[in-house]
Amino acid sequence: LLLEEVLVMCEKAMDSSIKITLDISIHKMMVLADPIAFKQHIFELVMNAKAALLRKREHDSHAMQVDEHIEITLKQNDSEHAEIIVRDNGQGMLDATLQHCLDPFFTTEPVGKGTGLGLSSAMAYIQQLGGTLDVDSRWGEFTEIRMNLPLLSEAGESALSKGRILLVDDDSDLRQSIEEVLHYHGYEVFSAKDGQEALDFW
């Protein structure tokens with residue numbers, strides 16, 4: 001759900017000719033992270049990808065003839081880790097830039113246009129969560145950022161739960177909205193469309 005919210009944020013800020021897609025192989029994966037900070041870091045990585053595409057367009061008159069795209073992928077690497085990939089087919093990085101792109105305050109932007117903290121702060125945040133961030137890039141072709149994050153075990157999910165709630169409502173849209181709010185606030189929710197289905201839980 002968080003990545004779907006990020007996608008909506010990015011679509012609003014995206015250049016109309018750039019296509020952005022989200023590929024989620026498994027929907028129920030939980031990591032221990034602050035949702036606001038998590039979304040902000042992914043959003044900034046996507047905005048970096050957008051900037052790379054615009055730079056390629058500025059320097060290559062044929063770039064507009066190629067589909068400009070940014071791909072966000074979420075998949076489960078193994079039983080204990082999720083992987084988030086942000087990939088674009090923009091300008092890419094020279095080898096010298098790639099070697100230093102994760103250094104704090106390193107930037108190739110003109111003075112006043114970049115702080116050089118985007119990738120380094122994202123890496124620091126991912127490391128705080130117990131994960132890793134790696135960058136691969138080829139000049140004129142692509143940049144790919146891979147983030148590996150530890151998944152919460154079922155025991156960990158239960159430990160974070162504030163309690164269990166049985167939610168009963170025959171309006172599926174309303175039921176789903178309430179369920180999402182309760183999940184966000186740390187409750188484990190059992191959802192039922194009527195009294196009989198609710199009794200089946202017990």
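These are my notebook entries on a predicted model of one protein chain.

**Entry 1: getting my bearings**

I started with the overall count and got 7 helices and 7 strands in the protein chain. Reading from the N terminus, I wrote the order of elements down as α-β-α-β-β-α-α-β-β-α-β-α-β-α. Then I looked up burial: of the 202 residues in the protein chain, 35% are buried. The accessible surface is about 12,300 Å², and carbon and sulfur atoms hold 53% of that. I also checked how far apart in sequence the touching residues are. Among contacts with a separation of 6 or more, 63% join residues 24 or more positions apart.

**Entry 2: the sheet**

Next I traced the strands. I found an open sheet of 5 strands, ordered β1-β2-β3-β5-β4, with mixed pairing. β1 and β4 are the edge strands, and each of them pairs on one side only. On average, neighbouring strands in this sheet are turned by 15° against each other, ignoring direction. α2 packs on this sheet and touches β1, β2, β3 and β5. I noted its direction too, which makes about 140° with that of β2.

I reminded myself that strands of a sheet pair through backbone hydrogen bonds, either parallel or antiparallel. Which way do β2 and β3 run? They are antiparallel, and 8 bridges join them.

**Entry 3: the core**

Which residues have the most contacts inside the largest nonpolar core? I got V46, I70, I84 and M147, in a core of 37 residues. I then listed the elements that each supply at least two residues: α1 (2-13), β1 (18-24), α2 (35-59), β2 (68-78), β3 (81-88), α4 (118-128), β4 (132-138) and β5 (142-150). The largest share comes from α2, with 8 residues.

I zoomed in on I84. Skipping its neighbours within four places in sequence, I find I84 in contact with L3, F38, I42, I72, T73, L74, I145, R146, M147 and L149.

**Entry 4: α4 and its partners**

I turned to α4 and looked for its buried residues, which are L119, S120, A122, M123, Y125 and I126. I noted for myself that an α-helix has 3.6 residues a turn, so residues three or four places apart point the same way. What do the buried residues of α4 pack against? My list reads α2, β4 and β5. α4 lies across β4 and β5, and runs at about 145° to β4. Just after α4 I spotted G130, with a positive phi of about 85°.

I gave the pair of helices its own look. The axes of α2 and α4 are 10 Å apart, and the helices pack at an angle of about 145°. The crossing of α2 past α4 is left-handed. α2 makes the contact with A37, F38, H41, L45 and N48, and α4 with L119, S121, A122 and Y125.

**Entry 5: a lysine in α2**

Last, I checked K39, which sits in helix α2. Is K39 buried or exposed? Its relative accessible area is 18%, and the cut-off for buried is under 20%, so K39 counts as buried. Leaving out residues up to four places away in sequence, K39 touches L2, E5 and V6.

Conventions: Residues numbered from 1 in each chain as written. Predicted model: local features only at pLDDT ≥ 70, side-chain atom pairs only at ≥ 80, totals over all residues. Heavy atoms only, no water. Core = buried A, V, L, I, M, F, W, Y, C linked by side-chain atoms within 4.5 Å. Buried < 20%, exposed > 50% of the residue type's maximum accessible area, 1.4 Å probe, protein only. Helix = DSSP H or I, 4+ residues; strand = E, 2+ residues; numbered from the N terminus. Contact = heavy atoms within 4.5 Å. Pairing = 2+ DSSP bridges. Axes fitted to C-alpha atoms, helices over the stretch in contact; angles between N-to-C directions. Areas by Shrake-Rupley, 256 points an atom, 1.4 Å probe, with all protein chains shown as cover. Left-handed = near helix turned anticlockwise from the far one by under 90°.
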